[in-house]
Amino acid sequence: MAEPTGYDVRTASDEVLAQREHLVERICAELVRAGLPAYRYPPDSFSPPAPRSR
């Protein structure tokens, strides 16, 4: 694990973050394949995006 940064918050290494991104993409793809809605919030967002109009 990387060295702590401000407020003793630890950050993951670039390798761990890349693995996480790959896993999230696979999970979303499988959910969509199963007919379930799947989407991701932007990583720097704390709330869901506004709904898209149809």
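Mentor: Let us begin with exposure: a residue is buried under 20% relative accessible area, exposed over 50%, and partly exposed in between, with a 1.4 Å probe and protein chains only. This is a predicted model, in which local features need pLDDT of at least 70 and side-chain atom pairs count only at pLDDT 80 or more, while totals for chains, interfaces and linings use all residues. Residues are numbered from 1 along each chain as its sequence is written, and side-chain values use heavy atoms, with hydrogens and water left out.

Trainee: How many salt bridges are there by the rule used here?

Mentor: Side chains of opposite charge can pair when their charged atoms come close. The rule asks for a side-chain nitrogen of Lys or Arg within 4 Å of a carboxyl oxygen of Asp or Glu, and by it the count is three salt bridges.

Trainee: Which parts does the pair of E21 and R40 tie together?

Mentor: E21 and R40 form a salt bridge at 2.9 Å, N to O. E21 lies in helix 1 (residues 14-33) and R40 in the segment after helix 1, so the pair ties together parts that are 19 residues apart in sequence; helices are DSSP runs of H or I with at least four residues, numbered from the N terminus. R40 is partly exposed, at 35% relative accessible area.

Trainee: What separates E30 and R33 in helix 1?

Mentor: E30 and R33 are three residues apart in helix 1, about one helical turn. R33 is exposed, with a relative accessible area of 67%. Elsewhere, salt bridges with shared partners join R20, E21 and R40 into one network.

Note on methods
Helices (H or I, at least four residues) and strands (E, at least two) are DSSP runs, numbered from the N terminus.
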